Amino acid sequence: MPQLPAPAYPAEVLTRLEADAKEVIARYPGSRSALLPLLHLVQSEEGYVSRTGMAFCADQLGLTTAEVTAVATFYTMYRRRPSGEYQVGVCTNTLCAVMGGDAIFDRLKDHLGVGNDETTEDGKVTLEHIECNAACDFAPVVMVNWEFFDNQTPESATRLVDDLIAGRTVEPTRGAPLCTYKETARILAGFPDERPGAVEASGGAGEASLVGLRLARGEGAPHARVVGQRGETPRDAQPEKGAEHLSSHDAPQQTSASDPEHPAGPAAEEGE
């Protein structure tokens, strides 16, 4: 059956969101570019991107609701139904998985009594597995409202969600202090985090991430291999005369389409 038109926001909410939207749209030379932060803005109001929120974005930007829906359904950071106060994401991509991410996810599903992308009955925690938290050197990693909790175990992750449900203070391994999902969405919309000391606490890369960078620079290990700048030969790896050292920096390489002397032939059987 066709859906009825989305209900409107209450007048006081609409007035506040319109003022915020005006500020967001003013950041961009073309208003259409403001769609992503506007979706975060409406998500900060209801905890997810509702039909009302999508209609609001469409009205503000002169788009159709179909155009807004296409974007809201593409990016996984936009929730499509009500979710918990804390979004707990367990990385189950390759490295985190083999380091224990799968075990953490299975433990939390059993402990919380929910499946993937489901919320506890008290509305506190939504659990989901995510493909990569971009923190492989701290695997296995759990994120709560996009803040890092590194080097987790099934036991530590269970304590973490118990503390969240009980309302106890939890501190991310690194980064800003934890806030609610709605507050996180507003920050992602581009509004400042006004909590005292929160911005300063955000910091930079963790120590494990910096170790590889220092080694690449040759710091701390006198005979460490050093990765040179593009077009530069590493100090400890002078190539033999005539040798080729190809990398992605050397692209484009010769292909059958661009190298008539070496056209692609029929596929060989395995082992040939």
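Select strand 1 and strand 3 (residues 125-130): they pair in the parallel sense over six bridges. Strands here are DSSP runs of E, at least two residues long, and helices are runs of H or I, at least four long, numbered from the N terminus. Pairing needs at least two DSSP bridges between two strands. The model is predicted: local features need pLDDT of at least 70, side-chain atom pairs count only at pLDDT 80 or more, and totals for chains, interfaces and linings use all residues. Residues are numbered from 1 along each chain as its sequence is written, and side-chain values use heavy atoms, without hydrogens and water.

Now pick tyrosine 86. Its bridge partner in strand 3 is valine 125.

Valine 142 stands opposite valine 90.

Stay on strand 1 (residues 86-91). Six of its six residues are buried, so the strand is largely enclosed by the rest of the structure. Buried means under 20% relative accessible area, exposed over 50%, and partly exposed in between (1.4 Å probe, protein chains only). Tyr86, Val88 and Val90 are buried on one side, and Gln87, Gly89 and Cys91 on the other.

Next, select valine 68. Beyond its neighbours within four places in sequence, valine 68 is in contact (heavy atoms within 4.5 Å) with Leu35, Leu39, Met54, Cys57, Ala58 and Leu63.

Finish at leucine 36, in helix 2 (residues 35-46). Leucine 36 is partly exposed, at 35% relative accessible area.
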